[in-house]
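Please look over the structure below before reading the notes on helix packing, the pocket and the backbone.

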Amino acid sequence: MDFYHLPLSAPCQSVRLVAKALGLHLNLKEVDLSKGEHLKPEFLKINPQHTIPTLVDNDFSLWESRAILTYLCEKYAKNDSLYPKDPKNRAVVNQRLYFDMGTLYLRFALTYYPVVMQDKELDPENVKKFDEGLEFLEAFLDKTTFAAGDRLTVADLALLASINTFEVTVGYDFSKFPNIQRWYGVMKESVAGYQEICVEGATRFRDAFNFAKIQ
């Protein structure tokens, strides 16, 4: 399978974590957005939306990281541990994935991207909304060991890439969120590929866009 990605992207990192958990090999193809490689005709044939990550599995192309995560599990997983088949359990996993995409990471991007990419001032209201997103995750983890229940799922791997990005890029202090701290500690120690995929990727992200000025 060919995987078009950027190492510094948390959504891209999450796909690599899931592939590693499933024992799948990805042919990594880094796409340089600054050079417009995502707009080349050959890439547009694969993905007319010209976004990353993009997966090509033989004659099948798929983009949007959370869709890729669940596809890999449904097609290649030996069991339903990472993506449960039970409708209610799966619904919770899906909800956490959509929460990561549409609330948590979105609020991070809305808060910090304008500062590092457009040289704007940090908006305190956006900071509050981002903090609120983390409060939601804290509440989720108050009831279960992992993000979507009492076992590791793809939701945890997606959220791990996001939380790691928050810590590495802006130096976010999670001390006021003990449940997140507990979960994050377990994830960092137990998830295969965390260091080389998440930490190294987020470090590249931090350095490329000078997030240090926020820290």
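**Helix packing, pocket and backbone**

In helix 5, F130, L134 and L137 meet L159, I163 and F166 of helix 6, where contact means heavy atoms within 4.5 Å. These contact residues comprise six nonpolar, no polar and no charged; Ala, Val, Leu, Ile, Met, Phe, Trp, Tyr, Cys and Pro count as nonpolar, Asp, Glu, Lys and Arg as charged, and the others, Gly among them, as polar. This is a predicted model, in which local features need pLDDT of at least 70 and side-chain atom pairs pLDDT 80 or more, while totals for chains, interfaces and linings use all residues. Residues are numbered from 1 along each chain as its sequence is written, and side-chain values use heavy atoms, with hydrogens and water left out.

**Helix 5 and helix 6**
- The axes of helix 5 (residues 124-143) and helix 6 (residues 154-170) come within 13 Å and cross at roughly 140°. Helices are DSSP runs of H or I with at least four residues, strands runs of E with at least two, numbered from the N terminus. Axes are lines fitted to C-alpha atoms, for helices over the stretch in contact, and angles run from 0 to 180 degrees between N-to-C directions.
- Helix 5 and helix 6 are therefore oblique to each other; under 35 degrees counts as roughly parallel, over 145 as roughly antiparallel, 65 to 115 as roughly perpendicular and the rest as oblique.

**Helix 6 and helix 8**
- Helix 6 packs against helix 8 (residues 194-208) at about 45°, with the axes 9 Å apart. This angle makes helix 6 oblique to helix 8.
- Residues of helix 6 including L160, N164 and V168 meet residues of helix 8, among them Y194, A202 and R206. This contact divides into eight nonpolar, four polar and one charged.

**Largest pocket**
- The volume of the largest pocket is about 720 Å³, taken as the space filled by probe spheres set on grid points joined across faces, edges and corners. A pocket is an open set of points on a 1 Å grid over the protein atoms alone, where a 1.4 Å probe fits, with protein on both sides within 12 Å along at least five of seven lines; lining residues have an atom within 4 Å of a point.
- Of its 26 lining residues, S9, P11, L33, I52 and Y113 are the closest to the centre.
- Helix 4 gives the most to the lining, with six residues.
- The lining has 16 nonpolar, seven polar and three charged residues.

**Backbone**
- The I52 to P53 peptide bond is cis, with omega near 0°.
- E64, a residue other than glycine, has a positive phi near 75°.
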